[in-house]
Amino acid sequence: MTDRHTQWQTAERLALTLTEGGMQRMAARTLAVFLFTDQETVTAGEIVERLDASAGAVSSAIKSLLSVGLIERLPAPGSRREHFRLRDDAWATLFTGQNTIIDAMLQVASEGVSVTGDDDPAHRRLAQMHAFYEFLRGEIPALLHRWQERND
């Protein structure tokens with residue numbers, strides 16, 4: 001078993017990878033806290049302390065992670081602080097949220113196809129783009145169903 005310092009170095013590398021993939025830096029670092037914590041729940045104050053970050057930055061990161069469904073707020077009877085944890089279905093929820101992006105890509109590809117002629121090379125590329133995202137959108141429900149079956 002590795003020590004906590006080594007684990008946290010790995011968490012920071014994960015956060016960097018998420019940032020390179022487009023996630024906001026503080027949201028990525030906050031998500032790393034949720035992934036690597038040995039606690040059942042985490043408070044914003046604990047994240048501030050762990051990351052040596054401002055309360056405002058952590059608050060914004062938590063809101064971002066809540067909005068995409070990666071974390072959830074939990075009741076904490078007897079505590080004045082809000083408690084959060086990584087959702088059990090976080091990754092499937094996040095992936096399902098990609099449907100909005102897929103739909104947007106389908107829409108723009110469709111518009112591109114409609115404004116280009118059949119003999120235009122752009123028409124072929126846009127039609128291929130549309131076909132790909134249409135295929136992807138059709139595959140997602142079955143993919144998520146297989147994932148749920150695998151984890152039940």
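Predicted model: local features only at pLDDT ≥ 70, side-chain atom pairs only at ≥ 80, totals over all residues.
**View 1. The pairing of β2 with β3**. Strand β3 (residues 83–86) and β2 are joined in the antiparallel sense over four bridges, and Glu72 stands opposite Arg85 in β3.

**View 2. The largest nonpolar core**. This core has 23 residues, of which Phe34, Ile47, Leu51, Leu65 and Ile71 touch the most other members. Two or more residues each are given to this core by α1 (4–20), α2 (25–36), α3 (44–51), α4 (55–67) and β3, and the largest share, seven residues, comes from α2.

**View 3. The surroundings of Ile71**. When neighbours within four places in sequence are left aside, Ile71 is in contact with Phe34, Ile62, Leu65, Leu66, Phe84, Arg85, Leu86 and Arg87.

**View 4. The contact between helices α5 and α6**. The axes of α5 (residues 90–97) and α6 (residues 99–114) come within 4 Å and cross at roughly 20°; because angles under 35 degrees count as roughly parallel, α5 is described as roughly parallel to α6. Phe95, Thr96 and Gly97 of α5 make the contact with Asn99, Thr100 and Ile101 of α6, and by class this contact has two nonpolar, four polar and no charged residues.

Key: Residues numbered from 1 in each chain as written. Heavy atoms only, no water. Axes fitted to C-alpha atoms, helices over the stretch in contact; angles between N-to-C directions. Parallel < 35°, antiparallel > 145°, perpendicular 65-115°, else oblique. Contact = heavy atoms within 4.5 Å. Nonpolar A, V, L, I, M, F, W, Y, C, P; charged D, E, K, R; others polar. Pairing = 2+ DSSP bridges. Core = buried A, V, L, I, M, F, W, Y, C linked by side-chain atoms within 4.5 Å. Buried < 20%, exposed > 50% of the residue type's maximum accessible area, 1.4 Å probe, protein only.
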